[in-house]
Amino acid sequence: MNHDMNITLKVWRQENTNASGRFEEHKVVANPDMSFLEMFDVLNEQLIETGKEPIAFDHDCREGICGMCSMVINGRPHGPKRGVTTCQLHMRSFKDGDTITVEPWRANAFPVIKDLSVNRGAFDRIISAGGFVSVNTGNAVDANAILIPKEVADEAFEAATCIGCGACVSACKNASAMLFVGAKVTQLAKLPQGQPERETRVVAMVNQMDAEGFGACTNTGACSAECPKQIPLSVIANLNKEYYRAKMNGK
Amino acid sequence: MKLDAKIPQGPVSEKWNSYKSSVPLVNPANKRNLEIIVVGTGLAGSSAASTLAELGYKVKAFCFQDSPRRAHSIAAQGGINAAKNYQNDGDSVHRLFYDTIKGGDFRAREGNVHRLAEVSVNIIDQCVAAGVPFAREYGGTLSNRSFGGTQVQRTFYAAGQTGQQLLLGAYSGLERQVGLGNVKMYSRHEMIELVIIDGKARGIIARNLVTGKLERHFGHAVLLCTGGYGNVFYLSTNAMGSNVTAAWKAHRQGAYFGNPCFTQIHPTCIPVSGHYQSKLTLMSESLRNDGRIWVPKKQGDDRHPNDIPEEERDYYLERRYPAFGNLVPRDIASRAAKERCDAGYGVGSSKMAVYLDFRYNMVNKYGRAEASKRGIENPSEDILVALGKEVVKEQYGNLFDMYKQITDEDPYEAPMRIYPAVHYTMGGLWVDYELQTTVPGLYALGEANFSDHGANRLGASALMQGLADGYFVIPYTIGNYLSKEIHTKPITTDHEAFVAAEKIANDRIQQLMNINGKRSAESYHRELGLIMWDKCGMARNEAGLKQAISEIRALREDFYKNVRVPGKVEEFNPELDKAGRVADFLELGELMCIDALDRNESCGGHFREEYQTEEGEAMRDDDKYAYVSAWEYKGSDWQLHKEELNYENIKVQQRSYK
Ligand SMILES: Cc1cc2nc3c(=O)[nH]c(=O)nc-3n(C[C@H](O)[C@H](O)[C@H](O)COP(=O)(O)OP(=O)(O)OC[C@H]3O[C@@H](n4cnc5c(N)ncnc54)[C@H](O)[C@@H]3O)c2cc1C
Ligand code: SF4
Ligand code: FES
């Protein structure tokens, strides 16, 4: 499979946070084995060579793990394929002649910096509020001193695979961050190491989440459906459970 | 200047302990008045910043991504080594020490490596305590796998996402300190100049990548934890933003660069597919636990791999290196793949690939074990495959998915096609035992320094080194410096040295913006990468290196005439960020070739075609080259300083994995 694909892109352009944005149309010749971001590289190269402004977008690892890439493609965060980040999406998922709309994450808590780049600092502040185990370097006991059943470790790991990309927020009509917060709360609530701060953690993280202006969860499930790491909806149920438990205990 | 590595006296196994018990300390009240700048928030930077903050220092941390959690460490896949000997298979601190020195082809310091092996055990404890969900056995204990260059199982892992889990652990510790007000975090900030006052590192000039404005930051000490420079090759397994800029600016200000030509080419990566390719994707070394590498015995054999019968396959690593087989160190596996492909046995449409095949172990190792666990007697091959597939999926699922996503081929059904790619740089800023560079008060940690891996790094040892440096080494060694700084008041950033450094940085930006040529920075980067890969890559020779040096000089000259940086300075401008990084790579590339040319021997990842045994193995020259090359920047040239390597505990010998 190695034929040219003629693609029309409708890309969101916005000069800075305060500017108003608009869609701009571009034509680009792609190749089915190219990644979606490589197509943007080709387009930007064209723009630079013809004296125009390239499109700003975030990316780094380009292998689906850093969580930096963040494009809403044809209305869906990270595009049409399940369980895949923007950077892992390949042009073979599209057809010759397609018109593709590309926008930044849309959420009040994630203001646009420029074009397709947004500010996700709110996620760091939520982690900073409580998404950790308070253990100073040097305080640890031998790693095998506390046994953890394999199923528990696996469940914690599954929740811990969240890459902090924010697609869940972008997918949600309320811009809720419950999937992201639920994933971290679940990971640490499962593990014995997370027990001492189990209740204070969930309350602190939820308070910060609210302060950042993320919306409430109305159980639509779009977040989990669009999550590139397929973090399950059950982490939200778990987040609620942990939160009520903490509240009942007066935290 | 005479290089002093400051290795403590005494037997190698006691050096670190005696250092720790005699190093001067800084009392808690004084720590609060001392400020430390940590550039980089990967494993090295996050662990250093959080630990130093816990101790009471005032820390400022910087990263160029939008969050410290996205540092390139996040992408590490396979695992992290530690001499825990949980498997009771004969591991020990000494064995990890020995394996690392030997794996590095006897070009690393004994003192540093022994310390690394000693603290490795504490790292795992610390990570588990921080909530890192490592893989576990059914009994609840930690699980281990094997990596190349060793005969024990000492690698701890979390599926194929070990780096992610370790970094999120270190990052959460960092964010905790941010919340407590002990660390001030500057994301989307890039260090673009070092500030030196009276011969000591006292701060940095950083560019706020959102506003484009330059900022001055003071610190009593500066730590560079800025990662490796593999992206000088353009195509590598590194993240797109990984760069040498911070280290390079420090180098230009007096920090020597150690062993710049020591580059690790990783044997198992997804091959290049087209001219638009922007990066290469690693398939973790852990896959060599269960994957067997082969090519057809017949040149140009175009049959589907599954149709090539067993006896017509050449498992060339098992053939050439029976003792270690598929688990030979990376440099050896990479060269062996290149040798087969160059000789015409490569596979795939480009013929620049070999097979990594899981079928044998899927059936014989996992399939049979599962069948007997489930009491299935005389299972058919199909059943064995199905059962084996489940186990393989659990171990490597994310890697298999990634392979399928990129190549559109299903690795559960047919072998993967792989080829070596640039992956890691053993070279980096020269540091002494205390991780201090040749600039007092300037330290380098993690992949940014040259310290522990000699001429070739063993798999799963970079994560170990990054966390060792940050959690357990720097918190002690920095005391030796800062204990003498307790009377130094914070220096105002109006100081003339800050003004001058900012001017240098600003002039450089203006210069780039004003060229207004025709070509993108990216296109220069690609061209540089090709020169480096062809002439300073897996195999090097004198003529090629000389040619590369003149090509790089010409390319650099052209860059300063014809590059076009669009947009404005004072705005979010990724093209300007990139142009600055490419400009530094264009200088570093030259130094790498000069270093490779100086080293008239082959060792580890540095393979000079003129120096090989009859069997094509690397031929070291210990009489002439048992030294670390430390290069001093001299404006238009470099001066070489040599740090002799002395082996008191390990017998230096020809490395053999046969
Ligand atoms: C795909 C892949 C898989 C790997 N797998 C393994 C493995 O399984 N086991 C193993 O041991 N090793 C592995 N490695 C190697 C290992 O991941 C790295 O060597 C290690 O993570 C480097 O950590 P670090 O903290 O030194 O730097 P990094 O994690 O690269 O962090 C660099 C930091 O510096 C910042 N920075 C850089 N320049 C500047 C600047 N100018 N200004 C401000 N900030 C700056 C960045 O923002 C970032 O925060 C792998 C590497 C790759 C590429
Ligand atoms: S939960 Fe999923 S979508 Fe949300 S930040 Fe994590 S990985 Fe991204
Ligand atoms: S660029 Fe890292 S996840 Fe897409």
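An open sheet of 5 strands in chain B has the order S11-S15-S14-S12-S13, with antiparallel pairing. Strands here are DSSP runs of E with at least two residues, helices are runs of H or I with at least four, and both are numbered from the N terminus; two strands pair if DSSP finds at least two bridges between them. Strand S11 (263-269) and strand S13 (313-314) of chain B are the edge strands, each pairing on one side only. S11(B) pairs with strand S15 (residues 416-425) of chain B over 5 bridges in the antiparallel sense, and Cys269(B) stands opposite Tyr419(B) in S15(B).

This is a predicted model, in which local features need pLDDT of at least 70 and side-chain atom pairs count only at pLDDT 80 or more, while totals for chains, interfaces and linings use all residues. Residues are numbered from 1 along each chain as its sequence is written, chains are lettered from A and ligands numbered from 1 in the order in which they are written, and side-chain values use heavy atoms, with hydrogens and water left out.

An open sheet of 3 strands in chain B has the order S6-S7-S8, again with antiparallel pairing. Strand S6 (189-197) and strand S8 (214-218) of chain B each have a single partner strand, so one side of each is left without a neighbour in the sheet. S6(B) is joined by 8 bridges to strand S7 (residues 200-208) of chain B; Ile196(B) has Ala201(B) as its bridge partner in S7(B).

Ligand 2 is surrounded by 13 residues (a heavy atom within 4 Å). The closest are Cys162(A), Cys165(A), Gly166(A), Cys168(A) and Cys227(A). Helix H4 (167-171) and helix H5 (178-190) of chain A each supply at least two residues of this shell.

The table gives residue classes: Ala, Val, Leu, Ile, Met, Phe, Trp, Tyr, Cys and Pro count as nonpolar, Asp, Glu, Lys and Arg as charged, and the others, Gly among them, as polar.

| Site | Nonpolar | Polar | Charged |
|---|---|---|---|
| Shell around ligand 2 | 11 residues | 2 residues | no residues |

On a 1 Å grid over the protein atoms alone, a cavity is a set of points where a 1.4 Å probe fits but cannot get out, and a pocket is an open set with protein on both sides within 12 Å along at least five of seven lines; lining residues have an atom within 4 Å of a point. The second largest cavity has a volume of about 660 Å³. H16(B) gives the most to its lining, with 7 residues.

Note on methods
Grid points are joined across faces, edges and corners, and a volume is the space filled by probe spheres set on the points.
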